[in-house]
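Q: Can you walk me through a few spots in this one? I'll jump around a bit.

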Amino acid sequence: MAAMARADLDGKPIKPLTICMIGAGGFIGSHLCEKLMAETPHKVLAVDVYNDKIKHLLEPATLPWAGRIQFHRINIKNDSRLEGLIKMGDLTINLAAICTPADYNTRPLDTIYSNFIDALPVLKYCSENNKRLIHFSTCEVYGKTIGSFLPKDHPLRQDPAFYVLKEDASPCIFGSIEKQRWSYACAKQLIERLIYAEGAENGLEFTIVRPFNWIGPRMDFIPGIDGPSEGVPRVLACFSNNLLRGEPLKLVDGGQSQRTFVYIKDAIEAVLLMIENPARANGHIFNVGNPKNEVTVRQLAEMMTEVYAKVSGEPSREEPTIDVSSKEFYGEGYDDSDKRIPDMTIINRQLGWNPKTSLWDLLESTLTYQHRTYAEAVKQATAKAVASS
Ligand SMILES: NC(=O)c1ccc[n+]([C@@H]2O[C@H](COP(=O)([O-])OP(=O)(O)OC[C@H]3O[C@@H](n4cnc5c(N)ncnc54)[C@H](O)[C@@H]3O)[C@@H](O)[C@H]2O)c1
Ligand SMILES: O=C(O)[C@H]1O[C@H](OP(=O)(O)OP(=O)(O)OC[C@H]2O[C@@H](n3ccc(=O)[nH]c3=O)[C@H](O)[C@@H]2O)[C@H](O)[C@@H](O)[C@@H]1O
């Protein structure tokens, strides 16, 4: 079988691994499971409380990879089976977390518990059983850029030294404690420090991933269709929902914040390189993003509007966006990262990874998926609501 002939970046054959993947039923987990099943001989013990996004990989039992993926419905907060599953694997990947900004300031306790306390047993079991750990952190650990504290028209704001985010050099700059937006970033930072310390003091083999706005199909949910109607997902799903419903896209505080978006399928290639090249990935923290795909949120809204009109064949609204305040949209305690450009030196040097897909292309494939998956359901839900009003 071609998949069995895989070699690592140093030309050595890759042995089939058993991977305990926690949070495997989420957005990133579903793409990683898909990749592992389709292109590698590795086995996955998929742990999550939900499996809707990986159902197509689990059923029917005649699938070519049946037997290489097993789903375990486990809440890692309180399940004694977790240690056994970690022991069965060669490697643990921890993706489980609350990671939607609308929760950080409104459910800060759940956010901190999920991102710090609930990750503790995973770390403990990996360390005690000498199991390698790939832990998912976030680019939010960088917080705000140094440049954001300079006056708006200060020339140093244009100097990359004041905004490019480097794993081994940039500071973590968060707002005050009342700005509960930072509860997530702070919890992620502390778990990173603990993992790093386990590596330094106890020899834990670890890799920390800092994703920079990975987007694509299956991200989050469409409110009222496959998620709560009052729920607020991340920006891709918020804007997709608005476009599907023919509503204006809401720009928080003018949509001036900047982000770099990377296509999930490009980013998953980086994770696979980490999985299969432990000697190059262990002990490292990796930014994974696409510095070339930078836009303001306003530009993202404009581009998504244009792409959606193309893929759906429906004309866009005359006024495609409206401004909302962050207080109105997210509530008290919201704050924002101003700009996120990942430095790519370390991932380039260690794994030779580079993202490939432009923002336009990744939006075109993602919005084609959104339209195919949700347009009919949104139409039916809207018709039902009109009929019952
Ligand atoms: N998508 C991104 O661009 C991005 C960016 C930065 C960081 N991350 C990090 O990557 C990880 C995965 O993100 P995602 O986008 O796939 O999010 P997601 O919400 O789609 O996936 C997380 C999964 O973890 C599961 N989970 C949460 N708590 C659990 C528990 N107690 N027990 C069992 N399962 C639990 C959820 O059910 C969900 O399926 C998170 O740690 C997130 O902080 C993602
Ligand atoms: O994806 C990442 O790399 C990380 O960043 C995200 O944080 P953020 O980018 O702020 O979250 P989004 O919901 O994707 O919002 C992006 C920007 O769009 C804005 N936005 C969001 C939704 C909306 O309807 N309108 C709008 O203007 C937000 O205010 C923010 O400025 C989340 O914290 C995590 O998933 C993750 O750790």
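Q: What follows H11, and what is its phi like?
A: H11 is followed by Gly-313, with a positive phi near 75°. Bear in mind that this is a predicted model.

Q: How far does H11 reach from its first C-alpha to its last?
A: The helix covers residues 297-312, 16 residues in total, and reaches 22 Å. That is close to the 22 Å expected at 1.5 Å a residue.

Q: Which residues of H11 are buried?
A: Val-297, Leu-300, Ala-301, Met-304, Thr-305, Val-307, Tyr-308 and Ser-312.

Q: And what covers them?
A: The cover includes helices H8 (235-245) and H14 (359-387), along with strands E9 (249-252), E13 (294-296) and E14 (321-324).

Q: Switching topic. How many residues are in the largest nonpolar core?
A: It has 67 residues. Those with the most contacts inside it are Met-21, Ile-93, Trp-214, Met-274, Ile-275 and Val-288. Helix H9 (residues 264-276) gives the most to this core, eight residues. Another core, of 23 residues, lies apart from it and includes Ile-74 and Ile-285.

Q: What does Met-274 touch?
A: Leaving out residues up to four places away in sequence, its contacts include Ile-134, Phe-286, Leu-351 and Arg-132.

Q: Arg-132, then: buried or exposed?
A: Arg-132 is buried, and it has no salt bridge. The nearest side chain of opposite charge is Glu-205, 5.1 Å away, and a salt bridge has to be within 4 Å.

Q: Which side chain does the Arg-132 side chain make a polar contact with?
A: That of Asn-282, at 2.9 Å. Arg-132 itself lies in strand E5 (residues 132-136).

Definitions and conventions
Residues numbered from 1 in each chain as written. Chains lettered and ligands numbered in written order. Predicted model: local features only at pLDDT ≥ 70, side-chain atom pairs only at ≥ 80, totals over all residues. Heavy atoms only, no water. Helix = DSSP H or I, 4+ residues; strand = E, 2+ residues; numbered from the N terminus. Buried < 20%, exposed > 50% of the residue type's maximum accessible area, 1.4 Å probe, protein only. Lys, Arg positive; Asp, Glu negative; His and termini not counted. Polar contact = N/O pair within 3.5 Å; in protein donor to acceptor, adjacent residues only side chain to side chain. Core = buried A, V, L, I, M, F, W, Y, C linked by side-chain atoms within 4.5 Å. Contact = heavy atoms within 4.5 Å. Expected span 1.5 Å × (residues − 1).
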